[in-house]
Amino acid sequence: MKEEQVILVNEKDEPIGLMPKMEAHEKALLHRAFSVFIFNDKNELMLQQRAAHKYHSPLLWTNTCCSHQRDGESNLDAGKRRLQEEMGFVAELKETTSFIYKAPFDNGLTEHEYDHVMVGYYNDSPNINPDEVEAWKWMSLEAVKEDMALQPEIYTEWFKIIFDKFYQHINVTK
């Protein structure tokens with residue numbers, strides 16, 4: 001199977017090329033990504049725990065799903081595709097904000113992403129893909145905030161950044 005390519009971008013989110021995902025993470029090059037936040041009617045956030053074998057951030061809790069857009073794929077189409085692949089359902093998504101972050105990992109890789117944040121709604125249980133997701137749960141934003149303060153080490157770096165800096169963009173009601 002050919003390695004997934006990421007879209008390299010400049011600080012204006014303009015595409016400047018393609019590169020294999022691992023190489024982009026090894027070289028810490030800025031590339032396009034997205035993070036999906038799914039809420040239910042109780043305004044609880046669906047969190048996922050990353051699978052144990054993931055090459056970075058294994059078993060850490062994070063937003064509903066995240067990944068990289070493919071060449072020629074819109075942000076919303078990419079979010080819907082990955083939501084289906086990881087969590088086993090489709091939901092309408094709305095893009096709320098975007099930002100650049102850089103987070104080095106213990107394994108020598110670095111996430112340097114232009115991240116597009118999307119929000120959607122769903123009320124049922126997901127049908128998780130065990131290759132991607134270890135577990136899932138619903139949590140109120142207040143409970144996430146409290147838990148993140150008590151044990152930040154169990155959450156992914158990008159989730160902590162989004163939650164802290166962009167709380168107002170994910171804390172939306174229908």
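1. Let's start with the S1–S2 hairpin. Strands S1 and S2 form a hairpin with 5 residues between them, and Asp-13 in the turn has a positive phi of about 65°. Strand S1 covers residues 5-9 and strand S2 residues 15-20; the two run antiparallel and are joined by 5 bridges. Gln-5 stands opposite Pro-20 in S2. Strands here are DSSP E runs of at least two residues and helices are H or I runs of at least four, numbered from the N terminus; two strands pair if DSSP finds at least two bridges between them.

2. A word on the model before going further. This is a predicted model, in which local features need pLDDT of at least 70 and side-chain atom pairs count only at pLDDT 80 or more, while totals for chains, interfaces and linings use all residues. Residues are numbered from 1 along each chain as its sequence is written, and side-chain values use heavy atoms, with hydrogens and water left out.

3. Now to strand S8 and its partners. S7 (residues 93-104) and S8 pair in the antiparallel sense over 11 bridges, with His-112 in S8 as the bridge partner of Lys-102. These two strands also form a hairpin with 5 residues between them, where Gly-108 in the turn has a positive phi of about 90°. S3 (residues 31-39) pairs with S8 in the parallel sense over 9 bridges, and Phe-34 has His-116 in S8 as its bridge partner. S8 is mostly covered, with 11 of its 12 residues buried (buried means under 20% relative accessible area, exposed over 50%, partly exposed in between, with a 1.4 Å probe and protein chains only).

4. For "active site", the unreviewed UniProt entry lists Cys-66 and Glu-113. They are spread over 48 residues of sequence yet cluster in space, the largest C-alpha distance being 11.5 Å. Please keep in mind that such annotations may be inferred rather than shown by experiment.

5. Which strand holds Glu-113? Glu-113 lies in S8, residues 110-121, and counts as buried because its relative accessible area is 5%. The side chains of Glu-113 and His-31 are joined by a polar contact of 3.1 Å (a pair of N or O atoms within 3.5 Å; within protein, one must be able to donate a hydrogen and the other to accept it, and residues adjacent in sequence count only if both atoms are side-chain atoms). Beyond four places in sequence, the contacts of Glu-113 include His-25, His-68 and Tyr-101, contact meaning heavy atoms within 4.5 Å.

6. Cys-66 is found in strand S6, residues 65-67, and is buried at a relative accessible area of 15%. Leaving aside neighbours within four places in sequence, Cys-66 is in contact with Phe-34, Ser-35, Arg-82, Glu-86 and Trp-158.

7. Arg-82 lies in helix H2, residues 75-87, and counts as buried because its relative accessibility is 12%. Its side chain makes a polar contact of 2.6 Å with the side chain of Glu-85. Not counting residues up to four places away in sequence, Arg-82 touches Cys-66 and Phe-34, among others including Lys-54 and Glu-132.

8. Finally, a charged residue to check. Asp-147, in helix H3 (residues 141-150), is buried yet has no salt bridge (a side-chain nitrogen of Lys or Arg within 4 Å of a carboxyl oxygen of Asp or Glu). The nearest side chain of opposite charge, Lys-137, is 5.1 Å away; Lys and Arg count as positive and Asp and Glu as negative, while His and the chain ends are not counted. Leaving aside neighbours within four places in sequence, Asp-147 is in contact with Met-139, Pro-152, Ile-154 and Tyr-155.
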